[in-house]
Amino acid sequence: MGKPTGFLEYERKGAVAQEPLERIKHFNEFKKPLPLDEQRLQGARCMECGVPFCQYGQMLAGMASGCPLHNLVPETNDLVYRGKWQQAFERLEKTHCFPEFTSRVCPALCEAACTCGLYEEPVATKDNERAIIETAFENGWVKPRIPKVRTGKSVAVIGSGPAGMAAALQLNRRGHQVTVFEREDRIGGLLRYGIPNMKLDKKVLDRRIALMEEEGVVFKTGVDVGRDISMKELKKQFDRVILACGASNPRDIKVEGRDSKNIFFAVDYLTSVTKSLLNSDLKDGAFVSAKGKDVLVIGGGDTGNDCVGTAVRLGAKSVTQLEMMPKMPDERTESNAWPQWPRVSKTDYGQEEAAAVFGHDPRIYQTTVTKFIKDDKGAVKAAEIVQLAPEKDKKTGRMNMVPVEGTQKVIPAQLVLIAAGFLGSQKYVTDAFGVSVNERTNVKTKEDDFETSVPGIFTAGDMHRGQSLVVWAIWEGKMAAKAVDTSLMGYTNL
């Protein structure tokens, strides 16, 4: 431990966010990291616990506690404090493929499990990781690792999100020839089009893709596997195949008026904005516009918040966000003890921005839509909403959220964005490969295994585990790569 009393001497400090009314004027990243000398003091706060739950990465009470990648958190924090940035990078790289992504978009499972957080503020591990990887890039320490020997084996990875990229990177470095297929026009999957630019600048993504190409990974865009190319063709060309296509089936809201115009799934909306931003800085107008409209976002979570922040930037007249569940408590309850994931209320950047612009939090809890109302052109103009209350099901004992009679009201809405989560993999892909799926339509494998019901076909990421976090997708990609390598070589050193 670099400084045994560091957690007593230094308060937690994080990256400084630009004021909401300023940052909504652009789509750039808006958090300014601390200077390195100040960031070092954040490393000093780490106590290097005897039992570091920050790197535990296992399930407690149904949610993960600590980092699934098992990053050596106390060690990297100590090296940050000592100013040994290159060593910190080398230590972080042992476990983590893409810290430049998670240090921007991860909810920081490591920090939620930090022992300091039991009584005070947790160590700023996420910001420490960002400082490590960005310092490494600035100093040229992140170099392409081109394999000296090729195995003569080839692997196709279908999908270029975090799981697909992690699997491709690992397998290529092992010496296999890897080709990544992506149906969109650019590489990145969820990282490219599901996460707005203000959270993850796409230059950060392009920087890593360029490195992977230099290492020998082949990327092919605009190829919709299952339609443009068949499983038979892939199996003829490649020794193994990894399906990493994400949980791409959005959950719908099936109520009267759902066929109204200007109702979009959240990811389609976010994709249209990011594509236009990358293609023309929004000058081509080829995106779903929120300008001057009352925007209704259905669903909480990160995607719902991203829709709120994006709509505010595009000049929405108003933004309302509906959440079916009750508001979480502001602090941990006795039944949610550390080091469990804290089930507490949080206000994210989009909600902060909406509150700054419109004068109030956009969220309405325990509420859902019962009907969409059209104008004379068939476009949505309003929505009928109703309050919900928890009620125990007499047969199953489960608590369900049920409508409260007499609480219906109509609110204006000329643009509706459905951010109600995802239901699993897309049928045309799983049908094309003939792989078994479970009751949630995730691709089925044996427990702790990544090979599907079809020999030689593997799976990883949200397509396998269901909708989850970027850090879990990276873990899945690494584990799938390990399974593929073992399948090809009879052993693995990944």
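Me: Which residues of helix α3 are buried?
Reply: This is a predicted model, where local features need pLDDT of at least 70 and side-chain atom pairs pLDDT 80 or more, while totals for chains, interfaces and linings use all residues. Residues are numbered from 1 along each chain as its sequence is written, and side-chain values use heavy atoms, without hydrogens and water. Helices are DSSP runs of H or I with at least four residues, strands are runs of E with at least two, and both are numbered from the N terminus; buried means under 20% relative accessible area, exposed over 50%, and partly exposed in between, with a 1.4 Å probe on protein chains only. In α3, residues 36–44, the buried ones are Q39, Q42, G43 and A44.

Me: Which helices do the buried residues of α3 pack against?
Reply: A contact requires heavy atoms within 4.5 Å. The partners of the buried α3 residues are α1 (6–9), α4 (73–81), α5 and α8.

Me: How are α5 and α8 oriented to each other?
Reply: Axes are lines fitted to C-alpha atoms, for helices over the stretch in contact, with angles from 0 to 180 degrees between N-to-C directions. The axes of α5 (residues 85–93) and α8 (residues 125–138) come within 9 Å and cross at roughly 105 degrees. Angles under 35 degrees count as roughly parallel, over 145 as roughly antiparallel, 65 to 115 as roughly perpendicular and the rest as oblique. The two helices α5 and α8 are therefore roughly perpendicular.

Me: How do the residues of the contact of α5 with α8 divide into nonpolar, polar and charged?
Reply: From α5, W85, A88, F89 and L92 meet E129, A131, I132, I133, T135 and A136 of α8. They divide into 8 nonpolar, 1 polar and 1 charged. Here Asp, Glu, Lys and Arg count as charged, the others, Gly among them, as polar, and as nonpolar Ala, Val, Leu, Ile, Met, Phe, Trp, Tyr, Cys and Pro.

Me: Is V142 buried or exposed?
Reply: V142 sits in the loop between α8 and β5 (154–158). Leaving out residues up to four places away in sequence, V142 touches F89, I133, A136, F137, R208 and L211. Its relative accessibility is 11%, so V142 counts as buried.

Me: What is the relative accessibility of T102?
Reply: T102 belongs to helix α6 (residues 99–105). Beyond four places in sequence, the residues T102 touches are H96, K126, E129, V470, V471 and I474. T102 counts as buried because its relative accessibility is 4%.

Me: How many disulfides does the search find?
Reply: A disulfide is a pair of cysteine sulfur atoms within 2.5 Å. The sulfur of C116 is too far for a bond, since the closest cysteine sulfur, in C114, is 4.5 Å away. The number of disulfides in the whole structure is 0.

Me: What is the radius of gyration of the protein chain?
Reply: The rule for a globule is 2.2 Å times the number of residues to the power 0.38, and the radius is taken over C-alpha atoms. A compact globule of 494 residues would come near 23 Å, and the chain agrees, with a radius of gyration of 23 Å.
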